[in-house]
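I opened the model to look up a few local features. My notes follow in the order I took them.

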Amino acid sequence: MAAEMGLSIDAPAIVDPDRHAWDWEADLVIVGFGGAGIAAAVEALEAGLSVIAVDRFEGGGSTAVNGGVFYAGGGTSVQIEAGESDDPQAMLDYLRIEAGEVVADETLRRFVAESPQTIDWLRRHGAPFEGSVWRAKCSYPPLDHFLYHSDNSLVADYVARAKPAARGHRVYKTNGGKAWGLGAGITDPLTRAALDAGLQLHRFAEAHQLVRDAAGQVVGVNVHAMPAGDDALPRLVHHCRRAEAWLATLPPSLPFASLTMARSRHHQRKAAAIEARRRVPRSIRARYGVLLSTGGFVTNSRMLARFAPKYRDAMPNATLGEQGAGILLGMSAGGATALMDRVSGWRFINPPKAWSDAIVVNRAGRRFVDETVYGATLGEHIVERQDGRAWLIYDRTARRQAFAQARDPHIVPFQRDVTLLNLVMNYRKATSLAALGRSVGIDSAELERTVATYNRAIADDAADAFGKKRADRQPIVTPPFYAMDISVDSRFLPLPIITVGGLQVDEGTGQVRDDAGERIDGLYAAGRTAIGIASQTYVSGLSFADCVFSGRRVARAIAVLKARDGAIVQSP
Ligand SMILES: Cc1cc2nc3c(=O)[nH]c(=O)nc-3n(C[C@H](O)[C@H](O)[C@H](O)COP(=O)(O)OP(=O)(O)OC[C@H]3O[C@@H](n4cnc5c(N)ncnc54)[C@H](O)[C@@H]3O)c2cc1C
C-alpha cells in the first residue's frame, strides 16, 4: 500500500529489543513534531517521561503556519476577559451537532470539560490570547480582535439548538506592529518549553518503519536522519523553506501558478538529492510507546485520489509534511482506519457580507442551504450533496456593496484580495436571470423561480425556506445579474481542503486499534493522523484544539504506564 501511495514505508522490523543495536532510546518516541506532537512532548516531559521527537522537516508542521484559531469554550479565561457568556453545557450542545457520533459522548464531554484549563495551560506556556470579541458573523475576525464565532453557532438553525458563544480563540505572532493569527503563537513557545524540559528533537529525520518485538508490541521506529552538524544541513533547510514558500505563493489553479509550482518542485528535488547523499539510518527504542502524529494526507495526491477522489480538483491546505506517513505506518502494523473519504473543504463567502446575503444555487437552479453557514459546512453541501457544482447569484446592488466591503478597514488582507480577485475575474453577467442561467448552464426557469421566491419572502417579511435570518437576506432585483463559480474546481476561488480521517484509536489513551478493535501494544496516534473530535465536521479551530487534546491524552496514558511499571519495580 505505501509504495502505491508514493511513500517508502517498510513493513515493521521484528527484533529482540534487548539485543537490538538501538541508536537512541526514550520512554516516548514522537513521530511528527507538529501540533499534536508538540503538545504531547510538553505534557510527557512535565510528567517525568523522557521524550525523543523526530520530524521529516523542521517541525511545527501545518500547525505552525495555520490561522491560529483554537476552538475553546465553556467559560475560558479569554471568554471571561471578553465578557463573553458561555458554559460547558452550551458548548457540548453545540459540538454534539457538529461532531455527531464520531467520538463517544464521554470523550466529547471530556474535551469540553478540559477546554478552559487547556487555554490556561497554553497561556502558562507563553501562548498569547486576548479577550477582545468580534460579534458579527464572519470567516475570520479583524486583526485587532482575538475571539469570534468561528463556527455555525450564529446560524439560525443552530441558535435554536444550542446557546451561541464566541469560541474561536485566535492566537497570534506579532509582525510589523500587527498581531497576525498564526499557529506558531502556540507551537513556538511550546517547542521552547519542551526543549527546556529536556526534549531530544531530531529535525530532518523521516520515520519509515516501525519496530516490533516477537509478541507484536511496537518497541521503536527506524528513521532516515540527517547527521547532526552535517555541513549540507543549511542548504537542506534553505531548499525546504523555499519549496514551502513557493508552494504557498499562489493557489495551483491561478494563472502563473505553474511557474511557482515548478519553483517549488525544483527546491524539493534539490532537497531530495541532499537527503539521498547524506541521510543515515537510525533506530530509536521507545520504552513505552511510539506516537504517530504526522498530520493527515492531503498533500499526497495519490492517497487523495484513492480515498477522496471527489476532492481531486480542490486545493490541499497544508505544509509538505502531511503526506499520510503516520497513517501508512499505523496501517503497516495492522492499524485500522476510518473516514478516509472525509475531507473538510472551506467555501468562505463572508466577507464580503453582500455575498452571503445573496443566494447559492446548484446546477438545477435551486438553493440548498442557508448561505450564512460556516465555510466548511457550505463546502460539504457543495461537494458531497451537489455534485461539486454551485454558483453564487447576486445583483448590481450586491456587487457595489461587495466592492465597498472589500475596502472596509476591518477586512484582513487575504480576504480583501480574494474578494477583489473574484469580483473582477470570477463572474458571468447578464441583464436577465434567464440569460444568466443559460450562460453558466443552470436551469434558467428554475433559477428565476428560486430568486422570485427568495425576494418574495423578504418583501412579505416571511420566513426563509432555509431559515436564513432577515438581517442576512437581501433581494436580488437590480440588473445586471451575476453568477460566481464556487464549485469544487473553481479557478479563482479554489477550495482549500484538509483530510480528517485517519487511524482508529482508543479514546481514553490514543492507542491505535486494529481491524478487530484490539489495541496495538506500544502504538499511539494523535492529531490528523487519528480519528478525533474534528473528523466528522471541522469548524475553525477544532483541528488545532483536537491536536492538543489528543496529543496530551497520549502523553498522560504513557505516564500512567510508566508509573505502573515503577510501582511494580519498587514493590517487594
Ligand atoms: C493555512 C492553514 C490554515 C489553517 N488554519 C487552521 C486554524 O486556524 N485552526 C485549526 O484548527 N486548523 C487550521 N488548519 C488545519 C490544521 O492546521 C491542521 O489540521 C493541523 O495543524 C494538523 O496538525 P497535526 O499535528 O496533525 O499535523 P502537523 O502540524 O502538520 O504536524 C505533522 C508533522 O509531522 C511531520 N512528518 C510527516 N511525515 C513524517 C515522517 N515520516 N517522519 C517524521 N515526521 C514526519 C511533518 O513534517 C510535520 O511537522 C489550517 C491549515 C492550514 C494549512
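I take helices (H or I, at least four residues) and strands (E, at least two) as DSSP runs, numbered from the N terminus. This is a predicted model, so I ask for pLDDT of at least 70 for local features and 80 or more for side-chain atom pairs, while totals for chains, interfaces and linings use all residues. Residues are numbered from 1 along each chain as its sequence is written, and side-chain values use heavy atoms, with hydrogens and water left out.

**Helix α1**

I began with α1, residues 35-46. α1 has twelve residues and spans 17 Å from first C-alpha to last, close to the 16 Å expected at 1.5 Å a residue. The expected span is 1.5 Å times one less than the number of residues. Next I checked burial (buried is under 20% relative accessible area, exposed over 50%, partly exposed in between; 1.4 Å probe, protein chains only). Eleven of the twelve residues of α1 are buried, so the helix is largely enclosed by the rest of the structure. Glu43 is among the buried residues. After α1 comes Gly48, with a positive phi near 95 degrees.

**Ligand**

Which residues come nearest to the ligand? Of the 39 residues around it, they are Asp55, Thr63, Val69, Ser543 and Phe544. I then listed N or O pairs. A ligand oxygen is 3.1 Å from a polar backbone atom of Gly35. Another entry puts an oxygen atom of the ligand 2.4 Å from a side-chain N or O atom of Thr63. A ligand nitrogen lies 3.0 Å from a backbone N or O atom of Ala207. Taken alone the ligand exposes 1,000 Å², and the protein buries 94% of that (Shrake-Rupley, 1.4 Å probe). The elements giving two or more residues to the shell are α1, α2 (61-65), β11 (205-212) and α18 (542-570).

**Lys468**

I turned to Lys468, in the loop between α17 (444-459) and β20 (481-485). Is Lys468 buried or exposed? Lys468 is buried, at a relative accessible area of 2%. I looked for polar contacts (N or O atoms within 3.5 Å; within protein, one able to donate a hydrogen and the other to accept it, and sequence neighbours count only if both atoms are side-chain atoms). The Lys468 side chain makes one with the side chain of Glu371 at 3.0 Å. It makes another with the side chain of Tyr454 at 2.9 Å.

**Cysteines**

I searched for disulfides (cysteine sulfur atoms within 2.5 Å). The count is zero. Cys138 is buried at 11% relative accessibility, and Cys240 is buried at 9%.

Terms used:
A residue is near a molecule or strand if one of its heavy atoms lies within 4 Å of it.
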